[in-house]
Amino acid sequence: MDTDNTDLSGGRMTSGKRTSDVAETLIRSTGERLTTARVQVLRVLLEAGRALSHHEVEQRVAREVPIDRVTIYRVLEWLTKEKLAHKIAGDDRVWRFDAPVNGGSDNRTHFKCTSCGHIMGLENQIAPKAFKVPSGYTAKALEVIVRGLCASCATGQHETARRDN
């Protein structure tokens, strides 16, 4: 079921003040249409605490409302274009998406666990805006990925972290 056409701009979601409200505010700030799919996908990213694959987003959204996978893909691409989410390539060649709570920029720093593969945005760790490139080149964005062990893997609890996907 494609619920991306459901316009929420006239009302509030009934689930109370939470991450959905933050998602609605961020989406409204773009001046674009507020839809169920956009709110639900952004809410899932904001609540995740780490970057999620399309499949993980789809599973989590399905717990609340049925939204087809193509709509979720389009919403993830829209969120990325509007700088409300970041698209990060995993070593497994699967894209993962992360949403900073206060909106985003093209300059974002992420932490990637070299053991379990979890990727998370590092809040308040923005990559430098200026970076020297060769003459004639134009830099559009800078992505910094810090690699190491997440807290779960560092303490030997990485199996638990993998099951929590």
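Mentor: In what follows, two residues are in contact when heavy atoms of theirs lie within 4.5 Å. The model under discussion is a predicted one.

Trainee: Which elements are included in what covers the buried residues of H1?

Mentor: Helix H1 spans residues 19-28 and is mostly covered, with 7 of its 10 residues buried. Those buried residues are Thr-19, Ser-20, Asp-21, Ala-23, Glu-24, Leu-26 and Ile-27. The elements that cover them include helix H2 (36-48) and H4.

Trainee: In what order do helices and strands follow one another along the sequence?

Mentor: The chain holds 6 helices and 6 strands. Read along the sequence, their pattern is α-α-β-α-α-β-β-β-β-β-α-α.

Trainee: Among contacts in the chain between residues at least 6 apart in sequence, what percentage joins residues at least 24 apart?

Mentor: The chain has 165 residues, of which 42% count as buried. Its accessible surface comes to about 9,500 Å², and carbon and sulfur atoms account for 51% of that surface. For contacts between residues at least 6 apart in sequence, the share that joins residues at least 24 apart is 53%.

Trainee: At what angle do helix H3 and helix H4 pack?

Mentor: H3 covers residues 54-62 and H4 covers residues 69-81. H3 passes H4 in a right-handed crossing. The axes of the two helices are 10 Å apart, and the packing angle is about 115°.

Trainee: How many nonpolar residues does the contact of H3 with H4 have?

Mentor: From H3, the residues that meet H4 are His-54, Val-57, Glu-58 and Val-61. An α-helix has 3.6 residues a turn, so residues three or four places apart point the same way. On the H4 side, the partners are Arg-69, Ile-72, Tyr-73 and Leu-76. By class, this contact has 2 charged residues and 1 polar residue, and its nonpolar residues number 5.

Trainee: Which strands are included in what covers the buried residues of H3?

Mentor: The buried residues of H3 are His-54, Glu-56, Val-57, Glu-58, Arg-60 and Val-61. Their cover includes the helices H2 and H4, together with the strands E1 (52-53) and E3 (95-98).

Trainee: How far from the sulfur of Cys-150 is the nearest cysteine sulfur?

Mentor: Cys-150 is likewise in no disulfide. With 17% relative accessibility, Cys-150 counts as buried. The nearest cysteine sulfur belongs to Cys-153, at a distance of 3.6 Å.

Trainee: Is Lys-83 buried or partly exposed?

Mentor: Lys-83 is found in the loop between H4 and strand E2 (86-89). Although Lys-83 is not a glycine, its phi is positive, at about 65°. Its relative accessible area is 34%, which means that Lys-83 is partly exposed.

Trainee: Is Arg-93 buried or exposed?

Mentor: Arg-93 sits in the loop between E2 and E3. Its phi is near 65°, a positive value in a residue other than glycine. The cut-off for exposed is over 50% relative accessible area. Arg-93 has a value of 79%, and therefore this residue is exposed.

Definitions and conventions:
Residues numbered from 1 in each chain as written. Predicted model: local features only at pLDDT ≥ 70, side-chain atom pairs only at ≥ 80, totals over all residues. Heavy atoms only, no water. Helix = DSSP H or I, 4+ residues; strand = E, 2+ residues; numbered from the N terminus. Buried < 20%, exposed > 50% of the residue type's maximum accessible area, 1.4 Å probe, protein only. Areas by Shrake-Rupley, 256 points an atom, 1.4 Å probe, with all protein chains shown as cover. Disulfide = S-S within 2.5 Å. Axes fitted to C-alpha atoms, helices over the stretch in contact; angles between N-to-C directions. Left-handed = near helix turned anticlockwise from the far one by under 90°. Nonpolar A, V, L, I, M, F, W, Y, C, P; charged D, E, K, R; others polar.
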